[in-house]
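Student: I have a new structure to look at, and I would like to learn how to read its features one at a time. Could we go through it together?

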Protein chains: 2
Amino acid sequence: MLTVFGSVALDTIRTPKRTLKDVLGGAASYAAVSASRFAKTGLVAVVGTDLPERDRRTLGRHAVLDGLVTRPGKTFRYDGRYDRTLSVRTTIKTELNVLDGFRPTLPGTYASSRYVYLANNDPDQNLALLEKFGRARFSMCDTIDFWIKTKRSSVIKLMKRTDAAIMNDSEARLLAGEDNLARCAKKIRRESGVPFLIIKKGEHGALMFYKQKVVAAPGYLLEKVVDPTGAGDAFAGAMMGYLASQDSGVIRVRDLKRAMIFGNVMGSFAVERYGLDGLLGAGRKGAITGRADKYTSSFPH
Amino acid sequence: MLTVFGSVALDTIRTPKRTLKDVLGGAASYAAVSASRFAKTGLVAVVGTDLPERDRRTLGRHAVLDGLVTRPGKTFRYDGRYDRTLSVRTTIKTELNVLDGFRPTLPGTYASSRYVYLANNDPDQNLALLEKFGRARFSMCDTIDFWIKTKRSSVIKLMKRTDAAIMNDSEARLLAGEDNLARCAKKIRRESGVPFLIIKKGEHGALMFYKQKVVAAPGYLLEKVVDPTGAGDAFAGAMMGYLASQDSGVIRVRDLKRAMIFGNVMGSFAVERYGLDGLLGAGRKGAITGRADKYTSSFPH
């Protein structure tokens, strides 16, 4: 079983073609729905009393919700606008609401969970939850510009405790104070000691650094991208879900490589439709493995 | 044998760390030196009487120079400055000099050449040279923003006649009037009918489109990039050199995929040192195949 800790949000998504208001989103929703294609996934998150029942049912169809806490008040809200190319997003408004000061707890039903994904939450909250896992087999954390700027030492402290860290190229550059991604990875891994560092490059795919090696995964090419929201979370969720599905006694590099393939594939489903719809529509197992085969056969050899 | 037609230049390269004046460069120099690692390469180009004897000797050590014409006047000059990230170049000055109105001819010694690379020259000049090849086995052309803006129909006309076209992502977007690269490729291939279209994405690698398929090659990751000048020309030159070295009766997709690997590898050598030095230093065959192996083993599988 995999535990996913992160935000559940009501998003306003503005693309040049459409504006959607109060749609179900948040890093944990994307990661958990993506992960659930591969393994049993339990959510740890907080929502307000305003979360529509329909959205709760959507999450419940894919993840165990024993760790979904409802608190008086409003659900976390994010409002952002994409530019014409859909590659640059400008934040219009962020309302933490019930997320503010949330102290995550681990339900007893998650006791068998050996895989932990800590989304881009407050690194101290992530650390607090991670400490509740006695014997996690594999843990991965994400981060975000805001925490790197305001709680850098906690971000590093968290990475010292996880098996893997995942972040965007811009976040890696900010954390390392360096442009070149190979040097960024070296610096970040030296400072934090994190064994596996995955740097996501949006449509250009992702890099995974470990030991003295690198895995370079190009992006899955699509003709139609409508909404990039949650692509990175879907990527991370798919990686963790795949690893949990293998449940190897020890984490093997070959499993992590395969996890990156599914990360790219699920990221590609995520961006083809608005909000969570792309991931929700990628239910058929054949669709996922079919795309994974198409993806790996596109590499030159 | 491979024929490379393009510019030989004296470049001024300005990076945040160094400024080099009047260094040997130009698309044909990079492409030919890169290609010469794989196959016999003949140059078709024009220089002025000011080209230093040392530079001519450098070219002559790697390429057949029977097609290198010397005309009264000055050699083509390019002056450009890279930004801090080395990913954006601003042109300071371009002096066509002897390049202006050059009519390429094909020396008799190139008669056995069955492979033709037409760099980002005036598309009408490229067409004129291509017509002199009776039975080219494989031809590839490059282009550049300037020709797309000023001679778009000639660019398309040229692509109707070549087996492959190669260009940057920004050039593909300009030519297609479209952001999404998969859709760009579809439009460009539909309009020109070119069987193989390669779109280069700088450090992010390259895509090759053919039939209904795509090959996605990530970039070769480097810790140290000092000068991106000529990387794309080295990429194209290596592709053509590799294809010429195979000299298959018919062009096979698997040869083109392998050519992309060597394209990325030679591009990586090109950017590690200033000007042509990176390519000139990549002489040892073992260094090239070693890097090719390291590159292909970095793909997830």
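Student: How many helices and strands make up the secondary structure of chain A?

Tutor: Please keep in mind throughout that this is a predicted model. In chain A the secondary structure comes to eleven helices and 13 strands. The radius of gyration of this chain is 18 Å, close to the 19 Å that the globule rule gives for 301 residues, so chain A is as compact as a globular protein of that length. Along the principal axes, its C-alpha atoms fill a box of roughly 50 × 45 × 40 Å.

Student: What share of the residues in chain A is buried, and what share of the contacts with a separation of 6 or more joins residues 24 or more positions apart?

Tutor: Of the 301 residues in chain A, 59% are buried, and residues 24 or more positions apart account for 64% of the contacts with a separation of 6 or more. The accessible surface of the chain comes to about 12,200 Å², and 48% of that belongs to carbon and sulfur atoms.

Student: Which residues have the most contacts inside the largest nonpolar core?

Tutor: They are Leu43(A) and Leu43(B), in a core that has 209 residues. If we take Leu43(B) and leave aside its neighbours within four places in sequence, its contacts include Val4(B), Val8(B), Ala28(B), Leu59(B) and Tyr110(B).

Student: How should I read a strand, for instance β11(A), and which way do its residues point?

Tutor: The general idea is that in a regular strand the side chains alternate between the two faces of the sheet. In this structure, Phe196(A), Ile198(A) and Lys200(A) point one way from β11(A), while Leu197(A) and Ile199(A) point the other way.

Student: Which strands are joined to β11(A), and do they run parallel or antiparallel?

Tutor: Strand β10, residues 164-168 of chain A, runs parallel to β11(A) and is joined to it by five bridges, with Lys200(A) as the bridge partner of Asn168(A). Strand β12, residues 206-210 of chain A, runs antiparallel to β11(A) and is also joined by five bridges, and here Leu207(A) is the bridge partner of Ile199(A). The hairpin of β11(A) and β12(A) has five residues between the strands, and in it Gly202(A) takes a positive phi near 60 degrees.

Student: Where is Pro195(A) found, and is it buried or partly exposed?

Tutor: Pro195(A) lies in the loop between α7 (181-192) and β11 (196-200) of chain A, and at 35% relative accessibility it counts as partly exposed. Leaving aside its neighbours within four places in sequence, Pro195(A) is in contact with Thr162(A), Asp163(A), Arg189(A), Phe209(A), Tyr210(A) and Lys211(A). Its C-alpha atom is separated by 22 Å from that of Ala234(A), which is 39 residues apart from it along the chain.

How values were computed:
Residues numbered from 1 in each chain as written. Chains lettered and ligands numbered in written order. Predicted model: local features only at pLDDT ≥ 70, side-chain atom pairs only at ≥ 80, totals over all residues. Heavy atoms only, no water. Core = buried A, V, L, I, M, F, W, Y, C linked by side-chain atoms within 4.5 Å. Buried < 20%, exposed > 50% of the residue type's maximum accessible area, 1.4 Å probe, protein only. Contact = heavy atoms within 4.5 Å. Helix = DSSP H or I, 4+ residues; strand = E, 2+ residues; numbered from the N terminus. Rg over C-alpha atoms; globule rule 2.2 N^0.38 Å. Areas by Shrake-Rupley, 256 points an atom, 1.4 Å probe, with all protein chains shown as cover. Pairing = 2+ DSSP bridges.
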